[in-house]
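Please consult the sequence and the structure shown below while reading.

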Amino acid sequence: MTDQVPPIIALFNHKGGVSKTTTTFNLGWALADLGKKVLIVDGDPQCNLTGTVLGFDGVDDFEAFYKKNPNANISDALDPVFRGANAPLKPASITRTPNKNLFLLAGHIALAEN
C-alpha cells in the first residue's frame, strides 16, 4: 500500500493585481464543491483571502477573529520562529468556512512585520 500525497497547488507572484487571491478563492471553493477537502492558506499580509472567505467587512472583524481564535493565523503559528524561540512549533488552528469542504489558515497583518 502506498501513501498518497494530496496535490498541492501554489499561486505566487510578486506583482500585485494579477488575480492570486481571486483565483485561490474560486479554485478552492470549486474544488470543495466537487467534494474535495481543500485547505487554503493566506500568506499575504493584506489578508484579502481571509476577509473574502470569512465575509469580513473591515478591520474590526479581523480583530474580533484574532482575539476569539488565537493561533488560527499564519503569523501567530510562526511567532516562535520570528522570536527566535528554541521550541517546537505548535500546529496552527484551521478555520472552518461556509463551505463544509473548504478550510482556511488565516492571514495576519503582523506577517509583514516579521
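The expected span of a helix is 1.5 Å times one less than its number of residues. Helices (H or I, at least four residues) and strands (E, at least two) are DSSP runs, numbered from the N terminus. The structure is a predicted model, in which local features need pLDDT of at least 70 and side-chain atom pairs count only at pLDDT 80 or more, while totals for chains, interfaces and linings use all residues. Residues are numbered from 1 along each chain as its sequence is written, and side-chain values use heavy atoms, with hydrogens and water left out.

**Helix α1**

With 14 residues, α1 reaches 20 Å from its first C-alpha to its last, close to the 20 Å expected at 1.5 Å a residue. Thr24, Phe25, Gly28 and Ala32 of this helix are buried, where buried means under 20% relative accessible area, exposed over 50% and partly exposed in between (1.4 Å probe, protein chains only). These four residues lie on the same side of α1 because they cover an arc of only 95° around the axis, the arc being that of the directions from the helix axis to the C-beta atoms. An α-helix has 3.6 residues a turn, so residues three or four places apart point the same way. The cover over the buried residues of α1 includes β1, α2 and β3. Glycine 35, which follows α1, has a positive phi near 95°.

**The nonpolar core**

A nonpolar core is a set of buried Ala, Val, Leu, Ile, Met, Phe, Trp, Tyr and Cys residues joined through side-chain atoms within 4.5 Å. The largest such core has 14 residues, of which Ile40 and Val53 touch the most other members. Two or more residues come from each of α1 (20-33), β1 (38-41), α2 (48-54), α3 (59-68) and β3 (102-105); α3 gives the most, with three residues. Contact means heavy atoms within 4.5 Å. Leaving aside neighbours within four places in sequence, valine 53 is in contact with Phe25, Ile40, Thr97, Pro98 and Leu104.

**The largest pocket**

A pocket is defined on a 1 Å grid over the protein atoms alone, as an open set of points where a 1.4 Å probe fits, with protein on both sides within 12 Å along at least five of seven lines; lining residues have an atom within 4 Å of a point. The largest pocket holds about 890 Å³ of space. Its lining has 27 residues, and the closest to its centre are Ile9, Thr24, Leu39, Ile40 and Val41. The largest share of this lining, six residues, comes from α1.

Threonine 24 lies in α1. Leaving aside neighbours within four places in sequence, threonine 24 is in contact with Leu11, Ile40 and Leu49.

**Accessibility of selected residues**

| Residue | Relative accessibility | Class |
|---|---|---|
| Threonine 24 | 19% | buried |
| Lysine 15 | 53% | exposed |
| Threonine 95 | 12% | buried |
| Serine 19 | 34% | partly exposed |

Threonine 95 lies in strand β2 (residues 95-96) and touches Leu54, Phe65, Ala72, Phe103 and Leu104, not counting residues up to four places away in sequence. Serine 19 is placed in the segment before α1, and its phi is near 80°, a positive value in a residue other than glycine.

Technical notes: Grid points are joined across faces, edges and corners, and a volume is the space filled by probe spheres set on the points.
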